[in-house]
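These are my notebook entries on a single chain, kept in the order in which I looked things up. I wanted to know how its parts are placed and what they touch.

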Amino acid sequence: MTDRSLLLFHLSDIHFGLEDNIALDWVKREIEERRPDAVAITGDLTMRARHREFNAAIHWITSLDVPVTVEVGNHDMPYFNPIERLFTPYKRFKGMARLIEKEIDLGGLVIVPLKTAVRAQPRLNWSKGWVTDRALAKCLKTIDALPAGCRALVAVHHPLREVGTKGTALTRHGGKALAELAKRPVEGVISGHVHDPFDIMEDTLEGPVRMIGAGTLSKRTRSTPPSFNELRWDGRELTVRARNLETVKTRDMLIDDVPEDATPPREEDDPVAPVRQVPRVDPPKR
């Protein structure tokens, strides 16, 4: 059990190539001044996994002088080189390979990775998540080895939501993963992918699991301004604050359900944050 409060920054979906440089400069200043105990980046570092985008991501992330762990997002898998995607999908992470899916032990709270972005899957939309048996077993083995009284914060890219979306499952085998995590000392699951922050208790047959999503630090906004999550852990309670340059209050930033993807809401029943900063046109996809 930690004898002091921990400060964590949860960033996601920076999308170098369409990054918001004003937001990134602000976040970097916050990290330099606040010195969080760790920074967790839950994927989609790049827009199209181009070499120049990875070079920018590596330069920015490795300049952060605090412990960092990075999840791989679907946008970080090679788009235009299928051979590389299938056989060496992490090749372009060279320069920060040591940070990929890195476990961080903060004393009483451990950030544990769970991979959801895969190189291929038996459905047409490869942008969605897939929890393999191997990835889940690795995550659970780490959690089961934690000392008594220690809690886990599981880091993924895709929210572990399998039903409730209008199309195919957002994350295949996400329900199975959540049920297994519900049996264990898991404080929450942090994720990205949908570009709006959320803080939801997800019910499973084994009990509830807290799902916490971070917004984007790119120009590809959905219904909230660019943001990141500030997490505090006092040994008993995890609190979440959605930070943004426009000083919108957290309660006005949070969507109350997980959307199918990161595109702005266009249908009547699409989840929208109370602040409703929905762009008039869909953001660029270049």
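**Entry 1. Serine 218**

I looked up serine 218 and found it buried, because its relative accessibility is 0% and the cut-off for buried is under 20%. I note here that the model is predicted. Serine 218 belongs to the loop that runs between strand 11 (207-213) and strand 12 (227-233).

I then asked which side chain makes a polar contact with the side chain of serine 218. The partner is threonine 216, at 2.7 Å. A polar atom of the serine 218 side chain also lies 3.0 Å from the backbone nitrogen of arginine 220. Leaving out residues up to four places away in sequence, I listed what serine 218 touches: Asp13, Ile14, His15, Leu18, Glu19, Asp20, His195 and Pro226.

**Entry 2. Serine 191**

I turned to serine 191, which is in strand 9. Serine 191 has 2% relative accessibility and therefore counts as buried. With neighbours within four places in sequence set aside, its contacts include His10, Ser12 and Thr42. Also among them are Val156, His157, His158 and Pro159, as well as Phe198, Ile212, Gly213 and Ala214.

**Entry 3. Strand 1**

I asked how many residues of strand 1 (residues 6-11) are buried. The count is six of six, and I recorded the strand as mostly covered. Leu6, Leu8 and His10 point to one side of strand 1, while Leu7, Phe9 and Leu11 point the other way; all are buried.

For its pairing, I found five bridges between strand 1 and strand 12, in the antiparallel sense. Within that pairing, leucine 7 has arginine 232 of strand 12 as its bridge partner. Strand 1 also runs parallel to strand 2 (residues 38-42), with four bridges joining them. Valine 39 of strand 2 stands opposite phenylalanine 9.

I traced a sheet of six strands and recorded it as open, with mixed pairing and the order 4-5-7-9-11-10.

Which way do strand 5 (residues 109-113) and strand 7 run? They run parallel and are joined by five bridges. Isoleucine 111 has leucine 153 as its bridge partner in strand 7.

**Entry 4. Helix 5**

I checked helix 5 (residues 174-182) and found it mostly covered, with seven of its nine residues buried. The buried residues are Gly174, Ala177, Leu178, Ala179, Glu180, Leu181 and Ala182. I then asked what covers the buried residues of helix 5. The cover includes helix 4 (133-144), strand 7 (151-155), strand 8 (171-172), strand 9 (186-191), strand 10 (198-204) and strand 11.

**Entry 5. Salt bridges**

My count of salt bridges came to 19. I followed one of them between the side chains of arginine 34 and glutamate 30, at 3.5 Å from N to O. These two residues are four apart in helix 1 (residues 21-34), which means about one helical turn separates them. An α-helix has 3.6 residues a turn, so residues three or four places apart point the same way. Arginine 34 is partly exposed, at 30% relative accessibility, whereas glutamate 30 is buried, with a relative accessible area of 13%.

Glutamate 30 also meets arginine 243 in a salt bridge between side chains, at 3.1 Å from N to O. This pair joins distant parts of the chain, since glutamate 30 is in helix 1 and arginine 243 is in strand 13 (residues 238-244), 213 residues apart. I found both glutamate 30 and arginine 243 buried. A network of salt bridges links Glu30, Arg34, Glu230 and Arg243.

I looked up a further pair, aspartate 144 and arginine 184, whose closest N and O atoms are 2.7 Å apart in a salt bridge. This pair too links distant parts of the chain: aspartate 144 is in helix 4, and arginine 184 is in the loop between helix 5 and strand 9, 40 residues apart.

**Entry 6. A surface patch**

Last, I looked for nonpolar residues at the surface. Ile83, Leu86 and Phe87 form a nonpolar patch there, and their accessible area together is about 330 Å². Of these I checked leucine 86, which lies in helix 3 (residues 82-87). Leucine 86 is partly exposed because its relative accessible area is 36%.

Definitions and conventions
Residues are numbered from 1 along each chain as its sequence is written. This is a predicted model: local features need pLDDT of at least 70, side-chain atom pairs count only at pLDDT 80 or more; totals for chains, interfaces and linings use all residues. Side-chain values use heavy atoms; hydrogens and water are left out. Buried means under 20% relative accessible area, exposed over 50%, partly exposed in between (1.4 Å probe, protein chains only). A polar contact is a pair of N or O atoms within 3.5 Å; within protein, one must be able to donate a hydrogen and the other to accept it, and residues adjacent in sequence count only if both atoms are side-chain atoms. Contact means heavy atoms within 4.5 Å. Patches are made of residues with over 30% relative accessible area and no salt bridge: like charges are joined within 9 Å, nonpolar side chains (Val, Leu, Ile, Met, Phe, Trp, Tyr) within 5 Å. Accessible areas come from the Shrake-Rupley method with a 1.4 Å probe; for residues, only the protein chains shown count as cover. A salt bridge is a side-chain nitrogen of Lys or Arg within 4 Å of a carboxyl oxygen of Asp or Glu. Two strands pair if DSSP finds at least two bridges between them.
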